[in-house]
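Subject: Model for your files

Hello,

Here is the structure I promised to send. My notes on it follow below the model.

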Amino acid sequence: MSKRIVFFNHKGGVSKTTSVYNIGWMLSKTNRVLVVDGDPQCNLTSLILGEGFEEYYSDPITKNQNLKDGVEVAFKGKPQPISAVNCTSPARAPNLFLLAGHANLSAYEASLTFAQTSGNALATLQNLPGAFSELIRLTEERYNIDYTLIDLNPGLSSINQNLFLSADSFIIPTNPDPFSIMAIDTLKEVLPRWNDWKNSNLAFFEDSAYPLRPSNTKFLGMLIQRFNIRKGRAARPYRDNIAEIKRKIKDDLMPVLLSAEMALSVNQYPQELVDDDFCLAEIPDFQGLLPKSYEAEVPVYELLDEEINETGPVFDQMSIKRNIFKVQFEQISESLVRVLNNV
């Protein structure tokens, strides 16, 4: 069975999509990986499809192969079961499979909200809460997936709640600003409430065509991203915020997650992760490498020398940074595999 990781923070601009893309690509070097675009902005889909993005949604062969159309039969009450979606892979990452997003995914928000809040009043809605998870499961089976990474949009919607609860584990991407610090307080309240809803409703949905996935979504760690480096460390304006995010995760969020059974026991995390307050990595800004990675349609650490397309000291600096990012994402992927073995 594939292990599912959801990347979630209701705060925007914390590099959720970039994290799914970079970590998913790295994991696919040694595993079969599915990435699921649950954000109507479809940025993850755009990163993977590149220049083929618009054609994907106009070509009759591919335009319905996406998350929204994949669950349409459930949400429109059609008399046929959900079936797996056909996935696309980047040319340079053949073991990375995309379950594409859709700009109108939020059209199902009202129906799903009603299904998840109406209790047993309307049995006709029983099949909706488990529909997304079933689509992902069938797609995982079709492609023999080892790890599934789910990207969500910033918000506290029912679709986000549903996809979050369909995963085995979650990662919280953050960036070092006061709003990320404030967001941890909201997550501390929202995530246990979501989990309580699922545990309270498992029995009600167990006889539906698509039951809820019986798992508590466990915390794997956080990422701190998008800051500048000075003399080998985060620039001064960011350092206090990085320290405060780590403190709030360790002292405020972890006790709540442990109480809600949404975290592993502390001794199940690698010691270095515990020592760093459950921070999987501090990832600085990609700076000049980012537009080059967009042009080459690969992560920054996959850029070839000719794709960096610079000379002299500029090339030297960029190639050093590329290699540092490669090591960093290798280490993140290795840490995740180790932690996931305990989930």
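Tyr56 sits in helix α3, residues 53–56; helices here are DSSP runs of H or I of at least four residues, strands are runs of E of at least two, and both are numbered from the N terminus. With a relative accessible area of 6%, Tyr56 is buried, where buried means under 20% relative accessible area, exposed means over 50%, and partly exposed is in between (1.4 Å probe, protein chains only). Neighbours within four places in sequence aside, Tyr56 is in contact with Leu49, Thr62, Lys63, Gln65, Asn86, Thr88 and Ala100; contact means heavy atoms within 4.5 Å. Tyr56 and Ile283 are 227 residues apart in sequence, and their C-alpha atoms are 32 Å apart in space.

Before the rest, a word on the source. This is a predicted model, in which local features need pLDDT of at least 70 and side-chain atom pairs count only at pLDDT 80 or more, while totals for chains, interfaces and linings use all residues. Residues are numbered from 1 along each chain as its sequence is written, and side-chain values use heavy atoms, with hydrogens and water left out.

**The chain as a whole**

The chain has 14 helices and nine strands. Its radius of gyration is 20 Å, close to the 20 Å that the globule rule gives for 343 residues, so the chain is as compact as a globular protein of that length. That radius is taken over C-alpha atoms, and the rule is 2.2 Å times the number of residues to the power 0.38. Along the principal axes, the C-alpha trace spans about 65 × 50 × 30 Å.

Of the 343 residues, 57% count as buried. Among contacts between residues at least 6 apart in sequence, 78% join residues at least 24 apart. The accessible surface comes to about 14800 Å², and 49% of it belongs to carbon and sulfur atoms; areas come from the Shrake-Rupley method with a 1.4 Å probe, and for residues only the protein chains shown count as cover.

The chain carries 33 positive and 42 negative charges, whose mean positions are 3 Å apart. Lys and Arg count as positive and Asp and Glu as negative, with His and the chain ends not counted; each charge is placed at NZ of Lys, CZ of Arg, CG of Asp or CD of Glu.

**The core**

In soluble globular proteins, nonpolar side chains tend to be buried together. Here the largest nonpolar core has 108 residues, and those with the most contacts inside it are Phe132, Leu149, Phe164, Phe219 and Tyr269. Such a core is a set of buried Ala, Val, Leu, Ile, Met, Phe, Trp, Tyr and Cys residues joined through side-chain atoms within 4.5 Å. Beyond four places in sequence, Phe132 is in contact with Leu67, Val71, Phe75, Leu105, Tyr108, Leu112, Ile159, Asn162 and Leu163.

**Loops**

Most residues other than glycine have a negative phi. Cys42, although not a glycine, has a positive phi of about 60°. Cys42 lies in the loop between β2 (33–38) and α2 (43–49) and counts as buried at 4% relative accessibility.

Ala103 is in contact with Cys42 and Pro40, leaving aside neighbours within four places in sequence. Ala103 belongs to the loop between β3 (96–99) and α6 (109–117) and is exposed, with a relative accessible area of 51%.

Leu303 is in the loop between α12 (289–296) and α13 (305–308). Leu303 counts as buried at 2% relative accessibility. Outside four places in sequence, Leu303 is in contact with Leu289, Lys292, Ser293, Ala296, Val298, Ile308 and Arg322.

Asp196 is in helix α9, residues 178–205, and is partly exposed, with a relative accessible area of 46%. Asp196 and Ala260 are 64 residues apart in sequence and 8.2 Å apart in space, C-alpha to C-alpha.

Regards
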